[in-house]
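Please work through the following exercises with the structure in view. Each task is followed by a solution in steps.

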Amino acid sequence: VVAGVVGDSMPRYCFFGDTVNFASRMESTSEKMKIQCSELTYNILRNSPSSMFKMEQRRSACGRLGIEVKGKGWLQSWWIK
């Protein structure tokens with residue numbers, strides 16, 4: 001992640017990088033009132049000694065497991081319930 005001030009007339013602090021782009025894609029492909037997580041987050045939560053999360057693997061509209069993420073391809077994701 002890289003950050004810096006952008007703009008002359010109305011400067012603002014912005015973040016750039018793969019992590020920021022991935023977070024944006026996860027937000028834009030999610031659904032209203034649902035929490036979506038990546039495969040890495042799913043594994044961390046699942047393997048946590050005190051895990052109390054219920055998770056459901058996400059399916060695309062055509063029924064395939066996972067979602068298409070621009071710039072990343074087909075990725076597995078889960079809903080946290």
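**Exercises on a predicted chain**

Of the chain's 81 residues, 20% count as buried, where buried means under 20% relative accessible area with a 1.4 Å probe, protein chains only. The model is predicted: local features need pLDDT of at least 70 and side-chain atom pairs count only at pLDDT 80 or more, while totals for chains, interfaces and linings use all residues. Residues are numbered from 1 along each chain as its sequence is written, and side-chain values use heavy atoms, leaving out hydrogens and water.

**Exercise 1.** Determine how many helices and strands the chain has, and whether it is spread out or compact.

*Step 1.* There are 2 helices and 7 strands; these are DSSP runs numbered from the N terminus, helices being H or I of at least four residues and strands E of at least two.

*Step 2.* Along the sequence, the pattern reads β-β-α-β-α-β-β-β-β.

*Step 3.* The radius of gyration is 16 Å, well over the 12 Å from the globule rule for 81 residues, so the chain is more spread out than a compact globule. The radius is taken over C-alpha atoms, and the rule is 2.2 Å times the number of residues to the power 0.38.

Conventions
Buried means under 20% relative accessible area, exposed over 50%, partly exposed in between (1.4 Å probe, protein chains only).
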